[in-house]
Amino acid sequence: EIYERELEDEEIKKIEALGFKHKGDAGIPGGFFFTRDDATIYAFIALHPAGHAMRHFRDHLIARPEEITLLDAKKRQIEAEHAGNPAAYARAKDALLLEYDKKAAMWAAQEERKRHEANLHKHF
């Protein structure tokens, strides 16, 4: 179940102050969509069921900035290959994002294992 709290006006204003335009939920219940010429933001309430996956995706890209460039290039390639066919574009983009979701989940599991091992070494 989605924790349904709307973004407060003050929260939206802070994001808009960075030059983003609020575009509603973009069809993702519980999500909030913002765009700017150079970036897109999907914001979620922390208790959204997909929140942990979204955080892993974000943290993976923050930790590996080269992946941002690669993801952007792949997305632009998909856009070019499927210009004029929104359904094909959506399917290809979804497949790409699923690929990155898997990478992010694996990365997050490895990071968690590293933290766990580091904690074990502190105690022994």
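How many aromatic pairs does this structure have? By the ring-centre rule, the count comes to 0 aromatic pairs. That rule asks for ring centres within 6.5 Å. Please keep in mind throughout that this is a predicted model.

I'll start with the layout. The protein chain has 4 helices and 3 strands. Going along the sequence, they follow the pattern α-β-β-β-α-α-α. Of the chain's 124 residues, 23% count as buried. The accessible surface is about 9,100 Å², and carbon and sulfur atoms account for 56% of that. On contacts: if we take those between residues at least 6 apart in sequence, 33% join residues at least 24 apart.

Now the strands. Strand β1, residues 21–22, runs antiparallel to β2, and 2 bridges join them. In one of these pairings, Lys 21 has Thr 35 in β2 as its bridge partner. Buried here means under 20% relative accessible area.

Next, the nonpolar cores. The largest has 9 residues: Phe 57, Leu 61, Leu 71, Ile 78, Tyr 89, Ala 92, Leu 96, Tyr 100 and Ala 104. Which elements give two or more residues to this core? They are α2 (51–63), α3 (65–81) and α4 (86–123). Helix α4 provides the largest share, 5 residues. There is also a second, separate core of 6 residues, with Ile 12, Ile 15, Phe 32 and Phe 34 among them.

Leaving aside residues up to four places away in sequence, Phe 57 touches Leu 71, Leu 97, Tyr 100, Asp 101 and Ala 104. Of these contacts, Tyr 100 has a further feature: the charged end of Lys 103 sits over the Tyr 100 ring, 4.5 Å from its centre.

What does Lys 93 touch, not counting residues up to four places away in sequence? The answer is Lys 75 and Ile 78. Ile 78 was on the list for the largest core. As for Glu 79, it lies 14 residues from Lys 93 along the chain, and the C-alpha atoms of the two are separated by 8.5 Å.

To recap: 0 aromatic pairs by the rule used, a largest nonpolar core of 9 residues, and a charged lysine end over the ring of Tyr 100.

Technical notes
Residues are numbered from 1 along each chain as its sequence is written. This is a predicted model: local features need pLDDT of at least 70, side-chain atom pairs count only at pLDDT 80 or more; totals for chains, interfaces and linings use all residues. Side-chain values use heavy atoms; hydrogens and water are left out. Rings of Phe, Tyr and Trp (its six-membered ring) pair if their centres lie within 6.5 Å; planes under 30 degrees apart count as stacked, over 60 as edge-to-face and the rest as tilted. A charge sits over a ring if NZ of Lys or CZ of Arg is within 6 Å of the ring centre and within 35 degrees of the ring normal. Two strands pair if DSSP finds at least two bridges between them. A nonpolar core is a set of buried Ala, Val, Leu, Ile, Met, Phe, Trp, Tyr and Cys residues joined through side-chain atoms within 4.5 Å. Buried means under 20% relative accessible area, exposed over 50%, partly exposed in between (1.4 Å probe, protein chains only). Contact means heavy atoms within 4.5 Å. Accessible areas come from the Shrake-Rupley method with a 1.4 Å probe; for residues, only the protein chains shown count as cover.
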